Amino acid sequence: MRIVNIEDFFHPNAGYQINILPKYMVKKGIDTYIITSEMEKVPDNLTKFFGKNNIEEYDKQYEEMTGVKIIRIPVKGFLSNRAIFTKELYKKVDELAPDIVYVHGNDTLVGMKYIWNQRKLSYALISDSHMLEMASVNKFNKVFRKFYKIFITPKIIKNKLTIIRTQDDTYVNRCLGIPFEQAPWISYGSDTLLFHPDEKTKVEFKKENKIPENAFIVLYAGKLDESKGGMFLAEAVNEKFQTDKDVVFVIVGNSAGDYGEKLEDCLKNSKNKILRFPTQRYVDLAPFFQSADLVVFPKQCSLSFYDVQACGVPVLSEDNNINIERCSHKNGFVFESGNMDDFRRKIVDCINMPSNKYKEIKVNAYDYITQNYNYSNKADEYIREINSSLRRFEENNEKNGIK
């Protein structure tokens, strides 16, 4: 099988679904391509955490490591962080003659165009949704949802297209009107070839960074912007935490603009010990997660949850519906959204937790991922849906006498 993945924004150093799933597709014998936008015109708010420099070198490294082929296509620009591709995209896809095209993002401009023209395609089509209502904050979101329900959803229903929900959430059903039977949920997962417990790495990390052997490490790794609670985190770790243990906060990620300057000033004035690291490549994050004793997510959700837990590390995140479910297996904690006192209190509770109870949570975290969210197994679930879409396409062609 040949599959072409279409993604508005792809950076080989990131750890999104598009970075991991194609890698496992190749491992399972699928000829796999990623077609994405040229980096020059990608908005800075998408690239500021990864950078635009040396992208050709990074693409080449990713291709050599995974076997996935990357093709970058010129774009006219971006609208609401959605790429406006030129006609070269569609020509390139036709040249590759795929068996199926996987458009990542059913609500992207290219996703909607492919859904609209599905009956004219010479290959099967599948798409997915990464959207949650908490992240759908565009002021035109109500207008967009109405447009989608009137014009796009009927095409999805009529042509029996599959839109995979990557979150266990009803957004696509409730807001876009896509039937549940056409929107199966397949979660993200962890690349357990990279992420797993490693005490040796933890010891080495502490030595390299002059962290006391018995120190308790609280880690945040991700975007340091408003959407992910960057300033909330900086202000939360400003005052000293009341505990007898030696606590070190390791904060990984780039900040940017005026917001970033204020955030960095706040961190520098903290009464706690804080170690700062720039944004890391996805493949370089494992030592940070393996060295942590607690990982915090101040706002929204994070894909890093799966990789952190695969390393046997508890998490603390805000109490939205996604995080409540994720932490309901005695593998982590939630705090009241926006409540800094509760956030700090939960950190202290974890630091002071009896060792036997803490170890139990670590084991639960590791088991939760390896038994349910190993990306190798998750890739099999995606591939089953891809194969089903391909069979429906072939059966429909046979029914209509199309070869």
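I began with Asn 320, which lies in the loop between strand S13 (315-318) and helix H13 (321-326). The model is a predicted one, in which local features need pLDDT of at least 70 and side-chain atom pairs count only at pLDDT 80 or more, while totals for chains, interfaces and linings use all residues. Residues are numbered from 1 along each chain as its sequence is written, and side-chain values use heavy atoms, with hydrogens and water left out. For the secondary structure I used DSSP runs numbered from the N terminus, helices being H or I with at least four residues and strands being E with at least two.

**Entry on Asn 320**

The cut-offs are under 20% relative accessible area for buried, over 50% for exposed, and partly exposed in between, with a 1.4 Å probe and protein chains only. I then followed the side chain of Asn 320, which reaches the backbone nitrogen of Asn 323 at 2.9 Å. A polar contact is a pair of N or O atoms within 3.5 Å; within protein, one must be able to donate a hydrogen and the other to accept it, and residues adjacent in sequence count only if both atoms are side-chain atoms. I also noted the separation of Asn 320 from Asp 284: 36 residues in sequence and 29 Å in space, C-alpha to C-alpha.

**Entry on Glu 38**

I found Glu 38 in the loop between S2 and helix H2 (44-47). Glu 38 counts as buried, at 19% relative accessibility. Leaving out residues up to four places away in sequence, I listed Arg 72, Ile 73, Pro 74 and Val 75 as residues that Glu 38 touches; contact means heavy atoms within 4.5 Å. From Glu 38 to Lys 362 I recorded 324 residues in sequence and 41 Å in space, C-alpha to C-alpha.

**Entry on salt bridges**

I searched for salt bridges (a side-chain nitrogen of Lys or Arg within 4 Å of a carboxyl oxygen of Asp or Glu). The structure holds 17 of these salt bridges. Side chains of opposite charge can pair when their charged atoms come close.

Asp 31 forms a salt bridge with Arg 2, with 2.7 Å between the closest N and O atoms. This pair links distant parts of the chain, Asp 31 being in strand S2 (residues 31-37) and Arg 2 in strand S1 (residues 2-7), 29 residues apart. Asp 31 is partly exposed at a relative accessible area of 22%, and Arg 2 is partly exposed at 26%.

Glu 226 and Lys 299 also meet in a salt bridge through their side chains, at 3.6 Å from N to O. Here too distant parts of the chain are linked: Glu 226 is in the loop between strand S9 (216-221) and helix H9 (230-236), Lys 299 is in the loop between strand S12 (294-297) and helix H12 (304-310), and they are 73 residues apart. Glu 226 is partly exposed, with a relative accessible area of 47%; Lys 299 is partly exposed at 30%. I then noted one network, in which salt bridges that share partners join Arg 2, Asp 31 and Lys 69.

In helix H4 (residues 88-96), Glu 95 and Lys 92 are three residues apart, so about one helical turn separates them. Their side chains meet in a salt bridge at 3.2 Å, N to O. Glu 95 is exposed at 59% relative accessible area, whereas Lys 92 is partly exposed at 24%.

**Entry on helix H10**

I examined helix H10 (residues 257-268), whose 12 residues reach 17 Å from first C-alpha to last, close to the 16 Å expected at 1.5 Å a residue. The expected span is 1.5 Å times one less than the number of residues. Which residues of H10 are buried? Gly 260, Leu 263, Glu 264, Cys 266 and Leu 267 are buried. They cover an arc of only 160° around the axis, and so they are on the same side of H10; the arc is that of the directions from the helix axis to the C-beta atoms. The face turned away from this buried side carries the exposed residues Asp 258, Glu 261, Lys 262 and Lys 268. The cover over the buried residues of H10 includes H9, strand S10 (247-252) and strand S11 (273-277).
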